[in-house]
Amino acid sequence: MSDTILEIKNLEKKFIINKNEIKVLENINIDIKKGEFITIVGHSGCGKSTLLKIIAGLETSDSGIIRLNGQEIKGPGINRGVVFQEHRLLPWLTIKENIEFGLDNLLKKERENISLELLEMVNLLEYKNAYPKQLSGGMAQRVAIARGLASNPEILLLDEPFGALDALTRIKMQKEILKIWSKSNKTMIMITHDIEEAVYLGTRIVILSSKSAGEKIIKVEHPIRDRSSYDFLYIKNKVYRELFEDKNNELEYNI
Ligand SMILES: Nc1ncnc2c1ncn2[C@@H]1O[C@H](COP(=O)(O)OP(=O)(O)OP(=O)(O)O)[C@@H](O)[C@H]1O
């Protein structure tokens with residue numbers, strides 16, 4: 001389909017640990033459309049980070065293919081931005097310089113336009129000359145997101161970006177990332193261990209299985225931002241059920 005930005009076809013990946021072969025990803029097939037917010041959940045060790053690394057080009061697959069805008073991904077590229085759980089900002093650079101780092105192919109003025117626009121987007125313009133150690137965890141993650149967007153990538157890949165934040169900051173950051181998503185118009189793929197976060201943010205939720213059963217995808221028909229609504233709890237329970245394979249246990253919605 002023409003609005004597909006990322007195609008993942010029959011992806012397989014195994015690792016050898018202590019001479020034992022571990023199949024981490026098997027039969028993974030996902031088509032992602034431009035502008036989607038995909039959230040990925042799955043049990044620890046099921047291969048979420050490995051999948052994200054393969055999309056980023058930081059890891060290779062054993063078989064299968066991933067195409068971005070029809071072009072096979074064969075390594076890292078500026079058309080994909082990556083944000084990790086730790087902000088990974090360079091401590092000796094200001095936050096503005098951190099965002100501009102890696103844009104040295106551009107003129108100084110162009111770099112500056114990009115960094116200032118992104119700082120405004122993440123609501124940190126007044127901190128442009130601060131150093132990473134002067135920021136809170138949530139602020140540093142907002143800078144990391146701005147840096148991930150600096151090369152104007154097609155897709156932003158986020159590996160559990162709010163995992164190290166306290167619960168209240170995490171809720172604020174979920175609102176922030178939605179604002180950034182709608183302002184930047186980017187396709188986002190985010191790993192999370194938090195099912196509620198996956199439902200709150202995702203336009204589709206990918207559930208990776210640790211039993212080599214490929215993936216399951218739950219579509220969130222309309223964004224649901226009310227965490228206590230019936231629809232929200234219904235989808236949350238659906239994800240729980242997929243994760244714990246408790247298909248015979250009919251859930252009740254006594255809310
Ligand atoms: N470079 C590597 N060499 C060998 N094994 C690896 C490597 N990277 C990952 N693995 C193994 O692949 C499996 C999946 O790891 P991965 O980090 O993708 O899981 P995950 O779903 O992101 O886990 P978590 O939710 O705990 O972060 C694990 O068993 C891990 O030990």
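1. In what order do the strands of the open sheet of 4 strands stand? The order is E2-E1-E4-E5, and the pairing is antiparallel. E2 and strand E5 (71-72) stand at the edges. Each has a single partner strand, so one side of each is left without a neighbour in the sheet. Note before reading on that this is a predicted model.

2. Start with the pair E1 and E2. The two strands run antiparallel and are joined by 10 bridges. The hairpin of E1 and E2 has 2 residues between the strands. Within this hairpin, Asn18 takes a positive phi near 50 degrees.

3. Move to the other end of the order. Strand E4 (residues 63-68) and E5 are joined by 2 bridges and run antiparallel. Here Arg67 stands opposite Glu72 in E5.

4. H1 lies across E1, E2 and E4. Its direction is at about 60 degrees to E2.

5. Next, the ligand. Which elements each supply at least two residues of the shell around the ligand? They are strand E1 (4-17), strand E2 (20-33) and helix H1 (48-56). H1 gives the largest share, 3 residues. Phe15, Ile17, Ile22 and Val24 are among the residues that surround the ligand. By class, the shell has 5 nonpolar, 6 polar and 1 charged residues.

6. There is also an open sheet of 6 strands. Its order is E6-E7-E8-E3-E9-E10, with mixed pairing. Strand E6 (80-83) and strand E10 (215-219) are the edge strands, and each pairs on one side only. On average, neighbouring strands of this sheet are turned by 20 degrees against each other, direction ignored.

7. Within that order, look at E3 and E9. How many bridges join strand E3 (residues 37-42) to strand E9 (residues 204-208)? There are 5 bridges, and the two strands run parallel. Arg204 in E9 is the bridge partner of Ile38.

8. H4 belongs with the E6 end of the description. This helix lies across E6 and strand E7 (155-159). H4 runs at about 165 degrees to E6.

9. Last, the helix pair. Two packed helices are described by the angle between their axes and the distance between the axes. Helix H4 (residues 137-149) and helix H5 (residues 167-184) pack at an angle of about 20 degrees, and their axes are 11 Å apart. The angle makes H4 roughly parallel to H5. The crossing of H4 past H5 is right-handed. On the H4 side, Gly137, Gly138, Gln141, Arg142, Ile145 and Leu149 make the contact. On the H5 side, the residues are Thr169, Lys172, Met173, Glu176, Ile177, Ile180 and Ser184. By class, the contact of H4 with H5 has 5 nonpolar, 5 polar and 3 charged residues.

How values were computed. Residues are numbered from 1 along each chain as its sequence is written. This is a predicted model: local features need pLDDT of at least 70, side-chain atom pairs count only at pLDDT 80 or more; totals for chains, interfaces and linings use all residues. A residue is near a molecule or strand if its C-beta atom, placed from the backbone, lies within 6 Å of it. Ala, Val, Leu, Ile, Met, Phe, Trp, Tyr, Cys and Pro count as nonpolar, Asp, Glu, Lys and Arg as charged, and the others, Gly among them, as polar. Axes are lines fitted to C-alpha atoms, for helices over the stretch in contact, and angles run from 0 to 180 degrees between N-to-C directions. Angles under 35 degrees count as roughly parallel, over 145 as roughly antiparallel, 65 to 115 as roughly perpendicular and the rest as oblique. A crossing is left-handed if the near helix is turned anticlockwise from the far one by less than a right angle, and right-handed if clockwise. Two residues are in contact if their C-beta atoms, placed from the backbone, lie within 7 Å. Two strands pair if DSSP finds at least two bridges between them.
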